[in-house]
Amino acid sequence: MTTNALALKAFVIKKAKEQNLSMRQIAADIGVSQSHFSEILNGKKALDISIGNKLADYFNIQRVSLYKTVGWLDLDENEAFVERFKEYSKKNPEFASFVREVLNIENEKERKRLLRLIRAGMEK
């Protein structure tokens, strides 16, 4: 099992315990079979962007947080950057929309490349 799969499994188990949910219930609620969900959590199948987004939305966390947890983002985000991003997004809604689109790119290498460029462009 990969480190990313272990991180995802730990995250889902923690959230399930906090919210008193079963894995079967979570799978049903996000629209996947329990066996498919189990294979993802056990690293036998890769987590895809669609299910990743559904999980983030289901647990009411930012998708970026889940992406970082499962290793899709290797950006070293700090609070100052996050605050700059929030401020910039408020002033430029089309920028926030663009970033959401970038985060939905399935090709991991391209997604990371574009996120690095975005961050570089926001650095002071």
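When I speak of helices (H or I, at least four residues) and strands (E, at least two), I mean DSSP runs, numbered from the N terminus. Read along the sequence, this chain follows the pattern α-α-α-α-α-α-α-α, that is, eight helices and zero strands.

Please keep in mind that this is a predicted model, in which local features need pLDDT of at least 70 and side-chain atom pairs count only at pLDDT 80 or more, while totals for chains, interfaces and linings use all residues. Residues are numbered from 1 along each chain as its sequence is written, and side-chain values use heavy atoms, with hydrogens and water left out.

The pLDDT, which is the predictor's confidence in each residue from 0 to 100, averages 82 over the protein chain, with 86% of the residues scoring at least 70. Among the elements, helix α6 (residues 79–91) has the lowest mean, 70, and α2 the highest, 96. Where pLDDT is low, the predicted coordinates should not be read in detail.

Turning to the interior, 34% of the 124 residues count as buried, meaning under 20% relative accessible area with a 1.4 Å probe, protein chains only, where exposed is over 50% and partly exposed lies in between. R111, in helix α8, is buried at a relative accessible area of 2%. Leaving aside neighbours within four places in sequence, R111 is in contact (heavy atoms within 4.5 Å) with I49, W72, V102, L103, I105 and E106. With that same exclusion, L47 is in contact with L8, I40, G52, L55, V70 and W72.
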